[in-house]
Amino acid sequence: MPVNHTFEALAHVRRREVLRILRKHDRLSAGEIAERLAIPRPTLSGHLNILKGADLIIGEREGTTIWYRLNLTVMEEALGLALSLLSRQPIEDGQLSSVFAASPSAAVYAASPSRIYAASPSKS
């Protein structure tokens, strides 16, 4: 999936809210997400379709219910790309994997630009 789709999907505040909600739960139905956001289901459906198209979430059908969960692999790739753009040193593929698997917020901290710059050799 092109990374452009990922960042386009992340550009909307409601879609970022959906991701924050899903981060706190293993999985939720569209109805549960709509209830937490206090938005109509048709509006949410559009956002979910964009998030699914960007592979940021995965929908799994059980009977008549579709359960949504985060796709952390794509999130990690997007984070790695964003951080590599900010870094003076390239971030290798998979470098964030072990930290990100334990805690997405720890991965952001571990590879935050201020820590990357602090660890980079300064130009004299």
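This note goes through the salt bridges of the structure, pair by pair.

1. The model is a predicted one, and the structure holds 3 salt bridges. Each pair is taken in turn below, with its place in the chain where that is known and with the accessibility of its two residues.

2. Within helix 2, which spans residues 13-23, Arg-14 and Glu-17 lie 3 residues apart, or about one turn of the helix. These two side chains form a salt bridge in which the closest N and O atoms are 3.0 Å apart. Arg-14 has a relative accessible area of 27% and is therefore partly exposed, and Glu-17, at 24% relative accessibility, also counts as partly exposed.

3. A salt bridge also joins Glu-62 to Arg-27, with 2.7 Å between the closest N and O atoms. This pair links distant parts of the chain, since Glu-62 belongs to strand 2 (residues 57-62) while Arg-27 sits in the loop between helix 2 and strand 1 (28-29), the two being 35 residues apart. Glu-62 is partly exposed at 45% relative accessibility, and Arg-27 is likewise partly exposed, its relative accessible area being 33%.

4. Glu-60 pairs with Arg-69 in a salt bridge whose closest N and O atoms are 3.1 Å apart. By the same cut-offs, Arg-69 counts as partly exposed at 29% relative accessibility.

Methods: Residues are numbered from 1 along each chain as its sequence is written. This is a predicted model: local features need pLDDT of at least 70, side-chain atom pairs count only at pLDDT 80 or more; totals for chains, interfaces and linings use all residues. Side-chain values use heavy atoms; hydrogens and water are left out. A salt bridge is a side-chain nitrogen of Lys or Arg within 4 Å of a carboxyl oxygen of Asp or Glu. Helices (H or I, at least four residues) and strands (E, at least two) are DSSP runs, numbered from the N terminus. Buried means under 20% relative accessible area, exposed over 50%, partly exposed in between (1.4 Å probe, protein chains only).
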